[in-house]
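Please read it next to the structure shown below.

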Amino acid sequence: MMVDTAQIMPITQLQKTLTQTVRKVSEDKQPVFIMKNNTMEAVIMSFDRYEKLAELEELEEQKEIYSMVQERMSHYDASKNVSWSSLRKK
C-alpha cells in the first residue's frame, strides 16, 4: 500500500496536536497514518470513510456467506428430506 509521506505522523506529534489533527482529517477527508517506533501503528480517518469501509467489509462478508450457501446447495439432495411430522412422531 502506497502512503503519502505527508499523511504520516509520529505518535508523539499526534499527542501534542490531537484536536488539530482530528479537525484536519475531518475537513480534508484524508487519513493520517500514525507511527510508533518507526512502525505503522494506527490510522485516523474521517467517519464517512470509515462507514464506507465498513459497508464494503459487510458486502464482502455477505458474498462469502452467499458462496458458502451456493457450495452447500450444490450438494443438496431433496430426496433425502425428512418431513417435520415424521420427526415429531419419534
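In which sense do β2 and β3 pair, and over how many bridges? The pairing of β2 and β3 is antiparallel, over 5 bridges. This is a predicted model, in which local features need pLDDT of at least 70 and side-chain atom pairs count only at pLDDT 80 or more, while totals for chains, interfaces and linings use all residues. Residues are numbered from 1 along each chain as its sequence is written, and side-chain values use heavy atoms, with hydrogens and water left out.

**Strands**

- Helices (H or I, at least four residues) and strands (E, at least two) are DSSP runs, numbered from the N terminus; two strands pair if DSSP finds at least two bridges between them.
- Strand β1 (residues 8–10) runs parallel to β2, and 3 bridges join them. I8 is placed opposite F33 in β2.
- Across from M35 stands M40 in β3.
- A hairpin is formed by β2 and β3, with 2 residues between them.

**Positive phi values**

- N37, in the loop between β2 and β3 (39–44), is not a glycine but has a positive phi near 55 degrees. N37 is exposed, at 69% relative accessibility (buried means under 20% relative accessible area, exposed over 50%, partly exposed in between; 1.4 Å probe, protein chains only).
- K29 likewise is not a glycine, and its phi is positive at about 60 degrees. K29 belongs to the loop between α2 (18–28) and β2 (32–36) and is partly exposed, with a relative accessible area of 39%.

**Nonpolar core and contacts**

- The largest nonpolar core has 6 residues: M9, L14, V25, V32, I34 and I44. Such a core is a set of buried Ala, Val, Leu, Ile, Met, Phe, Trp, Tyr and Cys residues joined through side-chain atoms within 4.5 Å.
- In soluble globular proteins, nonpolar side chains tend to be buried together.
- Beyond its neighbours within four places in sequence, V25 is in contact (heavy atoms within 4.5 Å) with Q30, V32, I44, M45 and S46.
- S46 lies in the loop between β3 and α3 and is buried, at 7% relative accessibility. With neighbours within four places in sequence left aside, S46 contacts V25 and K29.

**Position of V69**

- V69 is part of helix α3 (residues 47–73). At 42% relative accessibility, V69 is partly exposed.
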